[in-house]
Amino acid sequence: MKSKNSKLMYVSAAVLAAGAVASANTQNAHAAEVQKQADKNAAQKTIDQNQKDLAQTQDQLNKAQADRDDAVRKTSDTQANVLTADSNNQSAQNVLANAQDQLKTAQVAYDKAQANYDASYENNVKSAQNDVNKANADVQSTQEQINVQNTKQAEALNNRQGQEDALKTNTETLNKTNEEISKTQGQVEQAQKTYDAVNKDYQPVKAELDNQTKEAQDAQKAAQENAKELTQAQNELKTAQDTANKAAETINNAQAKLNSETAALNGAKTELSNKQKQASDLTSQRDQVAKDLQTAQNKMNTAKAELDADKDAVVNTMVMPQVYKNTVKKWNGKDLSKRSDMDQYKTEMAAASWVGWTQNEYKHNDAEKNHMVDLKHMSRADQIELNKFGIDLINQLRSQIGVDPWTFNESALNFANAIADRYVKDDWDSDKDGHDSAAINELAHKYGLSYTVSRKDGTYSSDGQYYENLMTDRFGWTEIPFDQAKSNADKFGNPYHYSDQQLAYNVNNTYAHSQENYNNRLDDMDHLKNQVYNAVKRFAFNYNEWLHAYGILSQDFFDYSAKGKNYAAISFSVKPTKDRWGFDDMDIHVINVHESMVLDPKVFNVNATIPLKDDKSALKKQYIDNLVLVNTLTPKKANLDNQINGLNNDIKGLNTRISDLTKSISDTNKALADAKATKADADKKIAVLPGRVQELKDKQASLNEAQSKAEADLATYQAKNKDLLAQFNAAKANLDKLTAKLNDLNSAKSKAESSVAESKANLDKVTSELSAISSRLDELKAKLSTAKTTKEQADANLAKAKAAYDEYVSTHKDVIDNLNKANSELADKTKAYNEAKEDAAKTDKEYQAAQDELTKLNNHIEDLSTAIANYESKIKQLNTTINKQKADQKRAALDAQINKALDNVSAPKHTATTTTRVQAGTSSSVGLAGAVDSVGTVSTTQSGETLTNTVVRSNNASVLSPQTKKLVAQANASKNSLPQTGANDKLSVFAALAGLSLASLGLGSLVGDKKRKCN
């Protein structure tokens, strides 16, 4: 493939003769390129959105089709339910009609029997019985009312007796209280006289007593105040001593803290300097890694941009994460016989594999979704394409761990196909039995390769084989991207609580074609490549076993194949019958033959190599190599960033600590100075306060003596007037006691008067109630007498009516029997009719429900059919839109190539020469520049670089070289003119290219209106 700086052009003799090419306006060209890139980005964004809409609509279509199929399957059952319900309803309606007819017949018979029966006798009995019942009710009701009034009368009599007793008691209490008040009043008057006489002698003594009491109190107060001052002075002295001691302790602690913090500050400054140097060194390393990473990203992006220039080309890569390499290296060759070691090995490998699984996802190629592959009769071209795809993926992984790549080989492909054919012939159930080892060993023998036989009977061994790594898939099933699986679980639920790994490694039905294609085992190339990709991914990054990984990567047991030639191929087989689970299996046979296994090179041709590389191989390698480098450098840079961030955080912490220590030292110095000042002040107080304390102690003794003298004088005077004081206190206490008693009696008198008045009122009320009750009783007793008389008459009338009725019954027994029989029959038929009516209503409701369900189901099917039609229309429209948009992109890219080529046709800067060679013995056709033979060469020289395109003559018509032919054919197939640049040189040169040069070479047939066919 040409490099991106190469210029692909075709210049005819006519164009060179014209030579009228002007230089383009650079600024306008740059602006046009910027706008084109913006348009290209916008167009790609639109295509991506349309493809997203297409996938979503396809999902909706699949769901709608599945729902419709399910609804259609339910229709037959629902229709059967409707027919059953209708039959049941008709039967119930017939039963109802029959019951109604029988009810009418019974009613007629009853009416006839009723007409022959004289009901007057029975009615007379009923009427008389009603009169008796009424009379009994009147007697009972009147008696009950009398009973109520009797109860009320008894209650009222009891109440009146209670009120009379209460009035008597309250009156007696009032009289007794009045007598006590009169007696106490006299006692109060006598006590007052006694108090007045004693008080006359008490008053002079009281004055002197009050004076001496005041002197004693003043002496006590003076002594207490001095004692308080003494205590305060003593406390101040103790506080000063404590303050001095505490200040001395603070001075010692502050000095020690100051020494410690000064040492810590110096240590933090030293550590800060070290951390800053480490951060600087790591920053230099990080910057170099970042530079290398950017270089790798640029190379990767450059390769990807050139690969993406062909929109039909999709590059799939397989990247091995560093953690996977490290884990494989760690456990390679280790003894895993201990259960703990095996468990640890599985845990670490599963974790590393999960990284690899989530980092690698298949990239779909829409163009290949229309390329159908017949798995039962696969063409050689399809086999080679799938082999190149799969072996390239494996070689990507092998190159990342430094082992030799596999070689795609013709004999290996024949060997692989023979194995696949044998699986089909044997109807081999690989899901159940694993490898068809006996067949593989037999075919290895046939193809000149090492094989094994049974020691028991010499037959081809079924216990093992050397060549096959086998992936058994369900046809049309494969793993979906983890993000999609996770999204589906979040959207539709995860009832079995699968872990992320279980969701990721699970397979899904991803088949997207018709049932007929499925039955014939036809699938599209994109889906098959997806299955091959996932097979390689599952081999390498499985979750519970890694023997297949070691097999395709030549690790551990298989390290013998790490170097030298490995002849590889991939084949496919589909099982003719269902497997043991009822699924349609498709096996992917990955075959590799190490050169040491080849016994007969004449049979197994080791030189029949099929090249894996194409014109994009260098770009793919550049992309993959730099992708691996990016994946390696990115975590390395992240690790350095983390270390730098950690150091920066440490530096920040150290700066904070230095700042804190500096402030703390300042605060400690201040605290030290404050403590020294506090101690000096306390020392001053300690020097003065002991004298003040002694002074107050001396004064306290004098004051205590004065207080004792005053208290003694007071006690002497109180003893001298002891009898008078006692008489006064006794007289006063007696007067106060009698006065309080008189007040209590007056209060009791007031309450007693209120109680008497209340009792009189209650007695009057109950007396009035008793009078009303007596009147009511007289009325009810008269009413009861009348009711009893009426009852006696009613009883006589009832006996007379019953006698007449009994006589009628005895003389008309047949009439009454007929009536009773007709009445019983009517009751039975009425019950049967009601039951039939309920059954008919129930079956009618069930029929309507079944009919409604069928209507609802049919409406649902109709709605789904409409939705399916809409989805299919939308999908068709989106496909058309996407294909058109991609075609527009291709045309735009092609236009850009031609414009780029035209930009380089500049007469002042370049010279062009045309060289023709004539081959002897061949016919030639004459063009504008003279004779051009079967093989002509057109070369253009640009600044010393010569680009040559060969013109090949076939059937008397000349054609361009493959690159130029593709460029010109695409330009004409697009049906669009090249983008206008505004430069006359492009217009003129394009006209020359499209007209003069092609006409002069007889290439008119190449510029016809032909459409490209995409396979």
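Let's start in the loop between helix 14 (547-553) and strand 7 (566-574), where you will find Ser554. Keep in mind that this is a predicted model. What is the phi of Ser554 near? It is near 60°, a positive value in a residue other than glycine. That is worth a second look, because most residues other than glycine have a negative phi. And is Ser554 buried or exposed? Its relative accessible area is 2%, and since anything under 20% counts as buried, Ser554 is buried.

Now hop over to another loop, the one between helix 10 (482-492) and helix 11 (500-505), which holds His497. His497 is not a glycine either, yet its phi is positive, about 55°.

Okay, on to the inside of the protein. The largest nonpolar core has 72 residues. Which residues have the most contacts inside it? They are Tyr324, Phe415, Leu449, Tyr467, Phe572 and Val593. The element that gives the most to this core is helix 13 (residues 525-540), with 8 residues. Apart from that core lies another one, of 28 residues, including Leu265, Leu633, Ile644 and Leu661.

Let's zoom in on Phe415. Leaving aside residues up to four places away in sequence, Phe415 touches Ile440, Leu443, Ala444, Tyr447, Leu449, Tyr467, Ile591 and Val593. Two of those names, Leu443 and Ala444, come back in a moment.

Helix 7 (residues 410-425) and helix 9 (residues 437-446) have axes that come within 10 Å and cross at roughly 145°. The crossing is right-handed. On the helix 7 side, the contact is made by Phe415, Ala418, Ile419, Arg422 and Tyr423. On the helix 9 side, you can find Ala439, Ile440, Glu442, Leu443 and Ala444. How many of these contact residues are nonpolar, and how many are charged? There are 8 nonpolar and 2 charged ones, with no polar residues.

Look for Thr239 in helix 3 (residues 120-308). Thr239 and Ala682 are 443 residues apart along the chain, yet their C-alpha atoms are separated by 8.4 Å. Thr239 has a relative accessible area of 47%, so it is partly exposed, a label for values between 20% and 50%.

Notes
Residues numbered from 1 in each chain as written. Predicted model: local features only at pLDDT ≥ 70, side-chain atom pairs only at ≥ 80, totals over all residues. Heavy atoms only, no water. Axes fitted to C-alpha atoms, helices over the stretch in contact; angles between N-to-C directions. Helix = DSSP H or I, 4+ residues; strand = E, 2+ residues; numbered from the N terminus. Left-handed = near helix turned anticlockwise from the far one by under 90°. Contact = heavy atoms within 4.5 Å. Nonpolar A, V, L, I, M, F, W, Y, C, P; charged D, E, K, R; others polar. Buried < 20%, exposed > 50% of the residue type's maximum accessible area, 1.4 Å probe, protein only. Core = buried A, V, L, I, M, F, W, Y, C linked by side-chain atoms within 4.5 Å.
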